[in-house]
Amino acid sequence: EEKTRSSYEKKLECSQHSVSKKLLETALAKQSNLIASADVTTTQELLELAEKVGPHIIALKTHIDIISDFDYEKTIIPLKQLATKYQFLLMEDRKFADIGNTQELQFTSGVFKITDWADFVTSQVIGGFESLDCFKNVGVVAIIGMSSKGTLTTNSYREEALKVALSHPNVIGGVSQNEIPEDLLLFTPGVNLADSGDGKGQQYNTPDHVFKTLHTDFIIVGRGIYKSENPEQAAITYKNEGWNAYLNSLEK
Ligand code: 5FU
């Protein structure tokens with residue numbers, strides 16, 4: 001028996017965090033629940049991808065430490081301009097996994113200065129509740145379950161991880177391949193329309209599957225978009241698939 005999910009409007013009414021609100025407002029305004037993962041390795045590729053997919057996404061997910069020619073002025077400033085121009089948020093998929101003091105340094109210092117530009121970041125919760133205190137000025141998406149084959153995010157791990165995530169005021173949501181409580185926004189990577197895996201442990205589902213069975217809120221698509229011959233068209237396809245899957249998961 002499938003139960004219905006809450007709409008983005010309903011979640012917006014209930015949301016406490018400014019970043020959750022912004023994500024949900026953007027989703028409704030753009031009729032999109034798509035986050036593009038920009039796993040490219042140069043500033044030029046990053047900015048070109050952002051320019052092409054920007055109008056169709058609610059957030060661009062980065063792994064900023066894979067950009068080989070990273071330069072705050074040349075990489076981040078124009079990226080922020082594109083984010084403003086096309087109204088998407090910046091999600092840094094840093095997956096912090098250390099003690100609070102170290103995470104704070106990794107978040108604020110080094111060359112990337114993530115605190116200065118990211119709207120929200122991913123973090124493991126393995127360091128415990130207080131390790132998340134440093135992310136005061138952003139939203140945190142907690143890693144609850146991973147998409148890769150053989151992940152150690154078992155049932156009991158996820159249960160404990162959810163307790164931390166649900167109780168911490170900086171946490172806006174979770175990354176998971178399982179349904180999570182509605183108080184958290186659910187972000188689901190491992191989404192691809194063409195492939196079921198990548199030969200390196202990644203496991204894929206369709207947008208339809210993750211909305212129907214997990215009641216996810218946002219899909220995260222990497223290679224399905226940036227490796228496509230026409231990334232803009234691919235973004236439009238995933239955007240429409242995701243939005244229709246969301247609408248279908250509301251009815252019943
Ligand atoms: F937390 C996770 C996870 O469980 N699975 C993931 O795939 C994060 N990811 C990220 O989503 C991963 O680091 C990539 O940046 C992205 C998926 O990319 P793909 O090309 O669509 O497989």
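Residues are numbered from 1 along each chain as its sequence is written. Because the model is predicted, local features need pLDDT of at least 70, side-chain atom pairs count only at pLDDT 80 or more, and totals for chains, interfaces and linings use all residues.

**Domain and ligand shell**

The UniProt record, an unreviewed entry, places the feature "domain: Orotidine 5'-phosphate decarboxylase" at residues 33-238; UniProt positions are given in the numbering used here, feature names are shortened, and annotations may be inferred rather than shown by experiment. That span is 33% helix and 19% strand, and its end C-alpha atoms lie 9 Å apart. Helices (H or I, at least four residues) and strands (E, at least two) are DSSP runs, numbered from the N terminus.

The ligand is surrounded by 17 residues, of which the closest are Met146, Ser147, Pro189, Gly222 and Arg223. Strand 8 (218-221) and helix 8 (223-226) are the elements that give two or more residues to this shell. By class, the shell has six nonpolar, eight polar and three charged residues. Here Ala, Val, Leu, Ile, Met, Phe, Trp, Tyr, Cys and Pro count as nonpolar, Asp, Glu, Lys and Arg as charged, and the others, Gly among them, as polar.

**Annotated active site**

In the unreviewed UniProt entry, the annotation "active site" covers Asp93, Lys95 and Asp98. Lys95 is placed in strand 3 (residues 89-96), whereas Asp98 is found in the loop between strand 3 and helix 5 (100-108). Lys95 counts as partly exposed because it has 14 C-beta neighbours inside 10 Å; Asp98 is also partly exposed, with 15 other C-beta atoms within 10 Å. A residue is buried if 20 or more other C-beta atoms lie within 10 Å of its own, exposed if 12 or fewer, and partly exposed in between, with C-beta atoms placed from the backbone.

Contacts (C-beta atoms, placed from the backbone, within 7 Å) are given here without residues up to four places away in sequence. Lys95 is in contact with Thr122, Ser123, Gln124 and Ile143. Asp98 touches Gln103 and Gly127.

**Strands 1 and 5**

Five of the five residues of strand 1 (residues 34-38) are buried, so this strand is largely enclosed by the rest of the structure. Leu34, Ala36 and Ala38 lie on one side, and Ile35 and Ser37 on the other. Strand 5 (residues 139-143) is likewise largely enclosed, because five of its five residues are buried. Gly139, Val141 and Ile143 point one way, and Val140 and Ala142 the other way. In a regular strand the side chains alternate between the two faces of the sheet.

The pairings, which require at least two DSSP bridges between two strands, are set out below.

| Strand pair | Sense | Bridges |
|---|---|---|
| Strand 1 and strand 8 | parallel | three bridges |
| Strand 1 and strand 2 (residues 59-62) | parallel | four bridges |
| Strand 4 (residues 120-123) and strand 5 | parallel | four bridges |
| Strand 5 and strand 6 (residues 171-175) | parallel | four bridges |

Leu34 stands opposite Ile219 in strand 8, and Ala38 opposite Thr62 in strand 2. Strand 1, helix 3 (residues 43-53) and strand 2 make a right-handed β-α-β unit; a crossover is right-handed if, with the strands pointing away from the viewer, the path from the first strand over the helix to the second runs clockwise.

Phe120 stands opposite Gly139 in strand 5, while Val140 stands opposite Val171 in strand 6. From strand 5 the chain crosses through helix 6 (residues 155-167) to strand 6, and this β-α-β crossover is right-handed.

Methods: A residue is near a molecule or strand if its C-beta atom, placed from the backbone, lies within 6 Å of it. Two residues are in contact if their C-beta atoms, placed from the backbone, lie within 7 Å.
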